[in-house]
Amino acid sequence: MTVHAYVLIQTDVGKAAQVAQQVNGIEGIVAAEGVTGPYDVIARAEAPSMNDLGRMVVRDIQQIEGITRTITCPVVKI
């Protein structure tokens with residue numbers, strides 16, 4: 001079963017395009033795009049499990065220079 005999630009990303013001023021490009025290069029990221037509003041980049045992620053998703057966010061995404069905060073929103077079927 002694949003876990004899907006949206007990762008909401010806040011960045012330092014002027015870093016959204018650079019962050020989106022780097023996030024797009026991470027394995028498991030379907031798309032990462034710059035947006036307007038309270039978040040600067042929103043990424044769609046896929047992982048084999050919740051643990052793998054968590055590792056991707058903490059190990060890969062949060063280590064990118066310019067990211068100040070992330071919120072991970074797993075997709076649920078309702």
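## Exploring a four-stranded sheet

This predicted model holds an open sheet of 4 strands in the order β2-β3-β1-β4, with antiparallel pairing. Strands (E, at least two residues) and helices (H or I, at least four) are DSSP runs numbered from the N terminus, and two strands pair if DSSP finds at least two bridges between them. Residues are numbered from 1 along each chain as its sequence is written. Local features need pLDDT of at least 70 and side-chain atom pairs 80 or more, while totals for chains, interfaces and linings use all residues; side-chain values use heavy atoms, without hydrogens and water.

**Exercise 1.** Trace how β2 is joined to β3.

*Solution.* Step one: β3 covers residues 41-47, runs antiparallel to β2 and is joined to β2 by 5 bridges. Step two: pick out partners, including V41 for G34 and I42 for E33. Step three: look at the hairpin, where 6 residues lie between the strands and G37 takes a positive phi near 115 degrees.

**Exercise 2.** Sort the lining of the largest pocket by class.

*Solution.* First list some lining residues, among them M1, H4, R44 and K77. Then count by class: 6 are nonpolar (Ala, Val, Leu, Ile, Met, Phe, Trp, Tyr, Cys or Pro), 2 charged (Asp, Glu, Lys or Arg) and 2 polar (the others, Gly among them). Here, a pocket is an open set of points on a 1 Å grid over the protein atoms alone where a 1.4 Å probe fits, with protein on both sides within 12 Å along at least five of seven lines; lining residues have an atom within 4 Å of a point.
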